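Visitor: I would like to learn how to read aromatic contacts in a model. Please take me through one.

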Amino acid sequence: MIIISCKYTNDIGLKTEFKVPNKFPYTGSSSTIEDVYLACKTHMPNEKIVVVDSNSEDKSYYNLLEGVDIIEGNENYEVGAIWKAYEKYPNEEHYMFLQDTTIPITDLTKHYPNSDKEISSFFYSNNYESNKIGEQEWCISHIKICDIPYKPYGFKTFVFNLFICKNQFLKELKGKNFHKILPTNKMGSACMENLLGMVAVQLGYKVNYIFGHISETYNEFGVNLHRNDYIIKNFGKKD
């Protein structure tokens, strides 16, 4: 199953210093959610696609996503989308979490974990120890909500909260109350990248990083345009 978190706006890119591309690979539109949807259908036609809407004021994009189940009411960024989707679909074998700006250019199901104790994270970033003090304090205070011990070393972050897992990972996280840690702002969402990486290691999961370090990935794998605080990411190495 593919889960796409979406905060839709039809004027994306108008408030940034970067030049907006003339068109995207599939639609040529000024928003990317339809491209993400069509790319997923093209490269992974057998996967069920679910969109979790993050209280978008403009919901006109619903009409662009034929046959897609749209779950409404997410107020907690990408992590909220994870648990909204899992609440409705708790019995899927695999879960692939994307954003409305992640446009696959290849079949990503080949990165589905082989065992219950494996996870595939798309990118990783610098070690947690190098993060800002405020972010570390957020992680320390919020991980107390769940039943997983805090350990500030020995892991890498799940950049953008994008990853692929089997059912067991989400089931185990929920059983330890990790689903109760819900960010309410962008800093909290960024901190969840750290906590996901931390708890995966704490619970004994092997994490495979598909594209490597995020800074290297941008140079090799796709387009990096920061537009309205979103990042356009083309997934997969072009032939």
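Visitor: Which residue lies over the face of Tyr124?

Guide: Lys156 does, at 4.1 Å from the ring centre. A charge sits over a ring if NZ of Lys or CZ of Arg is within 6 Å of the ring centre and within 35 degrees of the ring normal. Likewise, the charged end of Lys117 sits over the ring of Tyr205, 3.8 Å from its centre.

Visitor: What should I know about the source?

Guide: This is a predicted model: local features need pLDDT of at least 70, side-chain atom pairs count only at pLDDT 80 or more, and totals for chains, interfaces and linings use all residues. Residues are numbered from 1 along each chain as its sequence is written, and side-chain values use heavy atoms, with hydrogens and water left out.

Visitor: How many aromatic pairs are there?

Guide: A pair of aromatic rings is described by the distance of the centres and the angle of the planes. Rings of Phe, Tyr and Trp (its six-membered ring) pair if their centres lie within 6.5 Å; planes under 30 degrees apart count as stacked, over 60 as edge-to-face and the rest as tilted. That rule gives 11 aromatic pairs here. Tyr95 and Phe97 are stacked, 6.3 Å centre to centre with 5° between the planes.

Visitor: Why is the pair of Phe123 and Phe160 edge-to-face?

Guide: Because their planes are at 85°, with ring centres 6.0 Å apart. Both Phe123 and Phe160 are buried (under 20% relative accessible area; exposed is over 50%, partly exposed in between; 1.4 Å probe, protein chains only).

Visitor: Which residues do ring pairs link into a cluster?

Guide: Trp83, Tyr86, Tyr95, Phe97, Phe158, Phe163, Phe169 and Tyr205.
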